[in-house]
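Have the viewer open as you read.

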Amino acid sequence: MSHVPSEEGGLSEAAPDVNNQDLLDNPAQKTGNAPEDQVPHVVDEASPSSTSSFELLDMDSAPATYREVQPHWFFCPRGEDNTTWLPFSREDSDKLENALNTVGDKEGDEVVIAVDGERYDVHVRERKRYAVYWEQGPTEVRRCSWFYKGDKDTKFMPYPEDFCKRLEEAYMVAVTLNEWKTKLEFPSGETVILHNPKLIMQYQAVGLQDEWQSSPSEQTRPRTLKRGVGNITVEIPEGEPEKVDHLVFMVHGIGPACDLRFRSIIQCVNDFRSASLSLLGSHYKRAQQDGQVGRVEFLPVNWHSALHGDATGVDEDIQRITLPSISRLRHFTNDTLLDLFFYNSPTYCQTIVDTVASEINKLHTLFKQRHSGFNGAISVVGHSLGSLILFDLLTNQRNGSNARQGVLSGESLHHDTLQDTLTRLGLQQYLDTLQAENLDLESLALCQDSDLKDLGIPLGPRKKLLNYIRKKWLSEDSKNRAGRLPPGIQVQPEGSSDQDGNQSSAASKRRAHFHRAQSVTSAVEYEYFDVGIGQTNGGIAKGQVSINYPQLAFHPQTFFAFGSPIGMFLTVRGLKHIDPNYSFPTCKSFYNIYHPFDPVAYRIEPMIVTEVDLEPMLIPHHKGRKRMHLELKDSLTRMSMDLKNNVFGSLRTAWQSFARIPVAALPPLDEANTTIENDLQESQGTCEEAESSESAEQREQPEIKVGMLNEGRRIDYVLQEKPIESFNEYLFAIQSHLCYWESEDTALLLLKEIYDKLGVAFEQPQQ
């Protein structure tokens, strides 16, 4: 069954009534189903953009030679939307065409071809496209050779494959016999007329038209057909390099939407990836030509769906207590803003960090399977709340050999066996269940609540068991924690006793250091506030509520934070100062990137360097200049400063002239002239000396070392606002928090950091 375009641009199902023998015998056949007398009138009303006078001429004098059309493969980006079709790159289209020619279209084993940088798999026989790294329904794929465009359409749409096959057969007969004005009729009443090789039109049957059409001319308005992708205006994307130099995981913030267009994290990361590919071609062109540069792969990490899914039931619980008024606003609040409160809840914070870590590890494993030759570094990016989640995860990573051994070392519970522990807790009835899965205490400590739930263990016993193991490990491990503290967080020396014999606060500070240096399980104890960092710095009560931070399967090279509230959250947790010697246990570089009008973003450097007021580093424009309005602003500022200095200098000179000795005491005229000249020379020399010393001071100003979070380099980087944004910063506040996904300046900063560490030269494109 073939598909025929409907009036709305869709494709209605119908099979064309085409008889090749009839076409050979009488190519100019007419039938009564289509209005024969209306055909010339319809041609006159065709779109001017699709027809011209020379196309209406008969082509008898110059018979064309038939050449088989070269098909191109298209895909539908969204399964529910069948009106948008995008072309594959030429490289991917050729791979799909070769695979089809090799195996044919007959039934058999499915042939799978990786496309779009191996982020999607196309099942050639099924004509479906499946996402590899994220959850997305399958979308349709077409092998296209014929396209149509209505008079009001903006671009050509591909026909279904069987429809293209029928059109191609009729076209071949018409070209071979050089007989045109061939009419193809369909059971639905629609008609396609091949006037000549350059003019092929489709006419909608009158009976299928909408009864609300205003005039007969609109009822019979034709659609233009084009053969081959080379005859239509379509932008075919360039193929991506196979070599991947660097892998980046990107974690979203609150809510399911990431920008003002309410796009998902998948769509936003796709845009960021496209921007990076374009920037590689412009700023690393020579390195690409020499084969030094491949590409950077960006993969989205989605945790919102797991938090708001059926597994937690939190949406159902919140909905029961939500007021019925202003329902849309309340739904938006429940779906987005509540994520902030969920992360501050120990219960749901555990769900969020588990989801983020497990999703990153799963994507990492899958990527290594599909790119077995990849040996590059890996970085992480967090936007908004996602940056805070990554900050807490990286703060609580283990460094060294213990990092790959899971939550527990073999010494944590070496005095107990699984049977002893279950007997002590009164849970011995679950011994057979756990032993059937070959679980001991060490492997049990690696289990999550959901794992024990799958084994059929009720909520009470599994919570009791997991809490006991974590407490046991925490008490055992605190005895030898000092030897593996991260750099910058060390045990302070014993404090001296005061006059009353009371110990100083050094002991409690030392406990806080131990507490925050723990990289996996962090007990929430409001009593301790010192140099520690991360979720461990706060809680709702003093007790043993703990967050079990999972371990990542790799050591990130760089952590990029977009529009991050990390500084605010650390301050709210009671942390006023970050030790300059502190660095993440497994990640050596950290960049805090923000827009100047972002209401959610906060700085990090003032928490490290408190004695100096540092301006953030201005991120250069990706075209290698400062924005024009910022240049003008700086010029006006310099002019006003120069004007003010000149005015003050003139006033100072005038005051000095009034304060000179009286006229009666003035020396003779020659001496006076000499004195005035000397004064002028001295004052001029003083001004020149001051200016030269000031410029020398600016040139020789030493680079300030901003702690070890970014290996001594600057941390805070600010984007340049656009000219329209500078008129009213309040109007663009929300947009400023969501601008990072489409910012080429941000993408270029990431690429420069990545390829600088690979030793690849950066090229500034010529203006």
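**Confidence first**

Keep in mind that this is a predicted model. The average pLDDT for the chain is 74, and 66% of the residues score at least 70. Where pLDDT is low, the predicted coordinates should not be read in detail.

**The chain as a whole**

The chain has 767 residues, and 47% of them count as buried. If you take contacts between residues at least 6 apart in sequence, 69% of them join residues at least 24 apart. The accessible surface is about 40100 Å², with 52% of that belonging to carbon and sulfur atoms.

**An open sheet of six strands**

Look next at the sheet that runs S4-S3-S8-S7-S6-S5: six strands, open, with antiparallel pairing. Strands S4 (86-87) and S5 (112-115) each have a single partner, so one side of each is left without a neighbour in the sheet. Further in, S3 (residues 72-75) and S8 (residues 139-144) run antiparallel and are joined by four bridges. To find this pairing on screen, go to phenylalanine 75, whose bridge partner in S8 is valine 141.

**Salt bridges**

The salt bridge count is 31.

| Arginine 129 | Aspartate 116 | 3.5 Å |

Start with the salt bridge between arginine 129 and aspartate 116. Arginine 129 sits in strand S7 (residues 128-131) and aspartate 116 in the loop between S5 and strand S6 (120-123), so the pair ties together parts that are 13 residues apart in sequence. Are these two residues buried or exposed? Arginine 129 counts as buried at 5% relative accessibility, and aspartate 116 is buried too, at 17%.

Aspartate 121 is buried, with a relative accessible area of 16%, whereas arginine 370 is partly exposed at 23%.

Arginine 713 is partly exposed, with 27% relative accessible area, and glutamate 753 is buried, at 6%. Salt bridges can also share partners: Arg119, Glu240, Arg273, Arg295 and Glu297 are joined that way into one network.

**A buried strand**

Strand S21 (residues 589-594) is largely enclosed by the rest of the structure, because six of its six residues are buried. In a regular strand the side chains alternate between the two faces of the sheet. For S21, both faces are covered: Ser589, Tyr591 and Ile593 are buried on one side, and Phe590, Asn592 and Tyr594 are buried on the other. S20 (residues 558-562) runs parallel to S21 and is joined to it by five bridges. Within this pairing, alanine 561 has asparagine 592 as its bridge partner in S21.

**Histidine 383 and its neighbours**

Histidine 383 is in strand S17 (residues 377-383). Its relative accessible area is 4%, so histidine 383 counts as buried. What does histidine 383 touch, not counting residues up to four places away in sequence? The residues in contact with histidine 383 are Val251, His252, Gly253, Phe562, His737, Leu738, Tyr740 and Trp741.

**A nonpolar patch outside**

Finally, turn to the surface, where Phe262, Ile326, Leu329, Phe332 and Leu337 form a nonpolar patch. Together they have about 530 Å² of accessible area. Leucine 329, one of the patch residues, lies in helix H10 (residues 327-344).

Notes:
Residues numbered from 1 in each chain as written. Predicted model: local features only at pLDDT ≥ 70, side-chain atom pairs only at ≥ 80, totals over all residues. Heavy atoms only, no water. pLDDT = per-residue confidence, 0-100. Patch = residues over 30% accessible without salt bridge, like charges linked within 9 Å, V, L, I, M, F, W, Y side chains within 5 Å. Areas by Shrake-Rupley, 256 points an atom, 1.4 Å probe, with all protein chains shown as cover. Salt bridge = Lys/Arg side-chain N within 4 Å of Asp/Glu carboxyl O. Helix = DSSP H or I, 4+ residues; strand = E, 2+ residues; numbered from the N terminus. Buried < 20%, exposed > 50% of the residue type's maximum accessible area, 1.4 Å probe, protein only. Contact = heavy atoms within 4.5 Å. Pairing = 2+ DSSP bridges.
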